[in-house]
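Hi,

Here is the structure I promised to pass on. Have a look at it first, and then read my notes below.

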Amino acid sequence: MDWGSWVGEVHTVAVTRATCSLCGQQAETDVAPLTWLTSVEDGRSLLYCDRCTRENVRSIEGKLDSVHW
Ligand SMILES: [Zn+2]
């Protein structure tokens with residue numbers, strides 16, 4: 001039995017990592033960390049890393065403030 005080629009087959013399995021839609025940063029797993037934000041826009045699901053989420057939250061809060069005034 002040729003174990004070398006068998007192991008090679010296993011390693012060809014591709015892992016899709018969660019990637020930030022804004023800066024392109026990749027998570028360490030295929031599942032986005034809890035600190036990341038998922039958003040659905042125009043039927044596409046977008047991912048924002050913790051850094052981009054913080055900047056988004058700031059702009060969202062700014063919009064809310066302007067509505068209050
Ligand atoms: Zn990002």
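I'll start with one residue in this predicted model. Is Thr-29 buried or exposed? Thr-29 counts as exposed because 10 other C-beta atoms lie within 10 Å, and the cut-off for exposed is 12 or fewer.

As for its place in the chain, Thr-29 sits in the loop that runs between helix H1 (3–10) and strand E1 (37–41). Once neighbours within four places in sequence are set aside, Thr-29 is in contact with Arg-17 and Ala-18. Ala-18 is 11 residues away from Thr-29 in sequence, with a C-alpha to C-alpha separation of 6.6 Å.

E1 pairs with strand E2 (residues 44–48) in the antiparallel sense, over five bridges. Within this pairing, Ser-39 is found opposite Leu-46 of E2. The two strands make a hairpin with two residues between them, and Asp-42, in the turn, has a positive phi of about 55°.

Now for the chain as a whole. The protein chain has two helices and two strands, and their order along the sequence is α-β-β-α. Its length is 69 residues, of which 4% count as buried. Looking at contacts between residues at least 6 apart in sequence, 31% join residues at least 24 apart.

I hope you enjoy looking through it!

Best wishes

Key
Residues are numbered from 1 along each chain as its sequence is written. This is a predicted model: local features need pLDDT of at least 70, side-chain atom pairs count only at pLDDT 80 or more; totals for chains, interfaces and linings use all residues. Helices (H or I, at least four residues) and strands (E, at least two) are DSSP runs, numbered from the N terminus. A residue is buried if 20 or more other C-beta atoms lie within 10 Å of its own, exposed if 12 or fewer, and partly exposed in between; C-beta atoms are placed from the backbone. Two residues are in contact if their C-beta atoms, placed from the backbone, lie within 7 Å. Two strands pair if DSSP finds at least two bridges between them.
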